[in-house]
Amino acid sequence: QVQLVESGGGLVQPGGSLRLSCAASGFSLDYFTVGWFRQAPGKEREAVSCISSSDPNMAYAESVKDRFTISRDSAKNTVYLQMNNLKPEDTGVYYCAADYTLIVEAMCKLTHYYASMDYWGEGTLVTVSS
């Protein structure tokens with residue numbers, strides 16, 4: 001079965017850390033640009049971070065720079081999002097998506113591509129609260 005599955009969400013206090021995982025089955029993530037997106041209650045989905053399929057080209061939203069790190073593990077066919085110094089405004093459902101043709105800049109900055117991306121996961125909830 002071809003799918004993306006996110007995991008690692010949960011409840012964390014402000015200043016805490018979480019690591020999200022995006023595991024692929026049925027295809028190799030090595031050939032895909034992968035992005036993490038989030039959607040807070042009542043808000044539109046936004047890009048958080050994206051990573052290219054080949055050379056280590058990555059992009060981050062300004063709000064998460066220097067706090068979040070995206071990475072790949074080819075052996076596990078998984079992309080991670082390490083989130084440090086979490087803030088209440090980081091709360092939301094986090095989704096990963098993969099696309100074979102989009103470059104990092106397009107995936108992370110052009111919202112009109114969201115509907116056409118090849119694969120989306122079901123999401124994992126992150127709640128940052130004291």
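## Close-up views of a predicted model

Cys-50 is buried, at 0% relative accessible area, where buried means under 20%, exposed means over 50% and partly exposed falls in between (1.4 Å probe, protein chains only). Residues are numbered from 1 along each chain as its sequence is written, and side-chain values use heavy atoms, with hydrogens and water left out.

**View 1. Cys-50 sits in strand β5 (residues 46–51).** Strands (E, at least two residues) and helices (H or I, at least four) are DSSP runs, numbered from the N terminus. Not counting residues up to four places away in sequence, Cys-50 touches several residues, including Val-34, Ala-59, Ile-70 and Cys-108; contact means heavy atoms within 4.5 Å. Tyr-31 is 19 residues from Cys-50 in sequence, and their C-alpha atoms are 14 Å apart in space.

**View 2. Ser-52 is found in the loop between β5 and β6.** Ser-52 is buried, with 8% relative accessible area. Leaving out residues up to four places away in sequence, its contacts are Phe-32, Thr-33, Asn-57, Arg-72 and Val-104.

**View 3. The largest nonpolar core has 26 residues.** A nonpolar core is a set of buried Ala, Val, Leu, Ile, Met, Phe, Trp, Tyr and Cys residues joined through side-chain atoms within 4.5 Å. Trp-36, Leu-81, Met-83 and Tyr-94 have the most contacts inside the largest core. At least two of its residues come from each of β3 (18–25), β4 (33–39), β5, β7, β8, β9 (92–99) and β11 (124–128). Strand β3 gives the largest share, 4 residues. Apart from this core lies another, of 12 residues, among them Cys-50, Ala-59, Cys-108 and Tyr-114. In soluble globular proteins, nonpolar side chains tend to be buried together.

**View 4. Met-83 touches Leu-18, Leu-20, Phe-68 and Tyr-94, among others.** Further contacts of Met-83 include Gly-16, Arg-67 and Val-126, not counting residues up to four places away in sequence.

**View 5. Asp-66 has a positive phi, near 70 degrees, without being a glycine.** Look for Asp-66 in the loop between β6 (58–60) and β7 (68–73). Asp-66 counts as exposed because its relative accessibility is 82%.

**View 6. Asn-77 also has a positive phi, of about 55 degrees, although it is not a glycine.** Asn-77 lies in the loop between β7 and β8 (78–83). Asn-77 is buried, with a relative accessible area of 16%.

Terms used
Predicted model: local features only at pLDDT ≥ 70, side-chain atom pairs only at ≥ 80, totals over all residues.
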